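Subject: Structure handover

Hello,

Here is the structure we talked about. Please open it before reading on.

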Amino acid sequence: MNAPESEVVTFDNVGLRYGPDREVLSDVSFTLFPGSFYFLTGASGAGKTSLLKLLYLAQRPSRGAIRMFGTDVITLARKKLPAYRRRIGVVFQDFRLVPHLSAYDNVALPLRVSGVSEEDLRKPVADMLDWVGLSHRMDDRPATLSGGEQQRVAIARAVIGRPDMLVADEPTGNVDPDMALKLLRLFEALNRLGTTVVVATHDVHLLKKVPESLIMRLDKGKLSDPTGALRYPPRPSGPRERRS
Amino acid sequence: MTGVSKPPTLGRKIARGFTRFGGERAAQLVPQARLAGPMPWVIAIMVTLVVIAAAGGLAMRNVAGSARAELAGGATVQILEALPQERERQARVVEQLLESSPEVASTRRVPDEELDALLEPWLGIDADNQAVPVPALIDVRLRGDASKDVLDDLQASIAQRAPSARIDAQASWLAPVFGALASLQYLALALVVLLALTSVAAVWLAARSALGSNRGTIEVVHMLGGTDSQIARIFERSIGFDATLGGAVGLTLGLGAILLLGRQFAALGSGMMSGGALGWLDWVIIAAIPLLAVALAMLTARMTVLAALRRML
């Protein structure tokens, strides 16, 4: 079932459980709009990572409906998922860089997966590493980089394919406050180009650093909407509320 | 770090391609153990054994084939008569009757000296022909195969005038030998199949192990939009490289063993063994074994990886 891409993601009464245990996400409904910046907050164990897994298509829900880029991704054939994953950039708290590849090769990986030739990817990768301030470390392997540097490589890898949506799971969890702010500025810069950004964090101080952001709050698997910006069903048209 | 500057843009057309992801760059994702790892050596041992078993099976087939061809039109008439004069009479009559038959190309009476020499190991040098009657033997070369119908016709034509004569196909004397050769061929085939299955199991285990140790990388590639085929191709290539190395080593060792064994059998000087020499087609089959091993290893790796990936979303 395809629908126009006026919404990036729509969750409708989504529930998720692992095995026979109680649901880790329950009756989650929301809409993410193109070009918006969202913070996903909640205490440890609230279900943030589970929700992000649904967002970056690493997990299917136990119930409910998810539409992504106008397509029902619940019933979508497994072989068609890679095309949708290529529209989503993911940043992890533990970076998940390929340890035996250099920073350059890690950043180039999404383009190589997409079939970009070595000749065509050389400049974009170099530019991306320059953007995150690591052009001087491009030949170094992740183990020789600091936590902040590794996270910047992970961000460069996530955004090099210019995703429609960037999902970041506690991206500032392993870096100092100064570096956390710098990483946040990278997300903002990407957001200004039209990419929808979702950053999961339990750091409430971070929320204040992006005044234009919208907040999704998870509490024991239930989603609350303190700004009223995640209304579902979404409005047919018109501006979305933003936090002042 | 430029921080808030605009990120470099990338053309959508480039970023959204679905062309092949392969080659050296893709292979880098799975660290290679190469010759330091066990897989090339396992495959080398398997290929060596398959090459030797296949060469043995082919040699057996050739031995049986050449012996069959040699004996195909041969028959032997025995005159099983105790009285020497009567035996001699029947032998002459049979020779005359057979030579006049259109089925028969030639006959040869086996001389008594030749028979004595054949029986010497059992009866001694001065055996008394009166005490131990020895049948008269006539070698018959037929124009066609020594089929049952032809032999029955000949037997019927000589039975009246030479009641002690019995005609048999020469091939029937060697039937137990042919049976043993056929068993050895089946044994060689079974060994080849078992070794192939063992190789499949070894590759399956290696692929599973490689999948396990590279799970994090696979998840990352999946998350970046990598397809199952792309990921499977990485492992396929890696194991294909190992199998190529192993196959080359295994073929070299196997050929060495074949040549050594061939030289030893040739030194026996046996007519039957010389019929087991390998022909050019046999060498082509043996040379194809490492190629088949590489193909089998790559296919196994692909199937294993794809089956494992299907369990992931």
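Predicted model: local features only at pLDDT ≥ 70, side-chain atom pairs only at ≥ 80, totals over all residues.

Start with the helix pair in chain A. Helix α3(A) covers residues 103-113. Helix α4(A) covers residues 118-131. The two pack at about 125 degrees, with their axes 10 Å apart. That angle makes α3(A) oblique to α4(A). The crossing of α3(A) past α4(A) is right-handed. On the α3(A) side, the contact is made by Ala103(A), Tyr104(A), Val107(A), Ala108(A), Leu111(A) and Arg112(A). On the α4(A) side, Leu121(A), Pro124(A), Val125(A), Met128(A) and Leu129(A) contribute.

Tyr104(A) lies in α3(A). Is Tyr104(A) buried or exposed? Tyr104(A) counts as buried, because it has 22 C-beta neighbours inside 10 Å and the cut-off is 20 or more. Leaving out residues up to four places away in sequence, Tyr104(A) touches Val125(A), Leu129(A), Met138(A) and Asp139(A). Lys48(A) is elsewhere: 56 residues from Tyr104(A) in sequence, and 30 Å away in space, C-alpha to C-alpha.

Next, the strands of chain A. β1(A), residues 9-16, runs antiparallel to β2(A), residues 25-32, and five bridges join them. β1(A) also pairs with β4(A), residues 63-68, again antiparallel and over five bridges. In β2(A), Phe11(A) stands opposite Phe30(A). In β4(A), its bridge partner is Ile66(A).

On to chain B. Four strands form an open sheet there, in the order β2-β3-β1-β4, with antiparallel pairing. Which strands stand at the edges? They are β2(B), residues 104-109, and β4(B), residues 165-169. Each has a single partner strand, so one side of each is left without a neighbour in the sheet. On average, neighbouring strands of the sheet are turned by 25 degrees against each other, direction ignored.

β1(B), residues 74-79, pairs with β4(B) in the antiparallel sense over five bridges. Within that pairing, Thr76(B) has Asp168(B) as its bridge partner. Helix α4(B), residues 84-99, packs on the sheet. This helix touches β1, β2, β3 (136-142) and β4 of chain B. The direction of α4(B) makes about 160 degrees with that of β2(B).

Best wishes

Definitions and conventions. Residues numbered from 1 in each chain as written. Chains lettered and ligands numbered in written order. Buried ≥ 20, exposed ≤ 12 C-beta atoms within 10 Å, placed from the backbone. Contact = placed C-beta atoms within 7 Å. Axes fitted to C-alpha atoms, helices over the stretch in contact; angles between N-to-C directions. Parallel < 35°, antiparallel > 145°, perpendicular 65-115°, else oblique. Left-handed = near helix turned anticlockwise from the far one by under 90°. Pairing = 2+ DSSP bridges.
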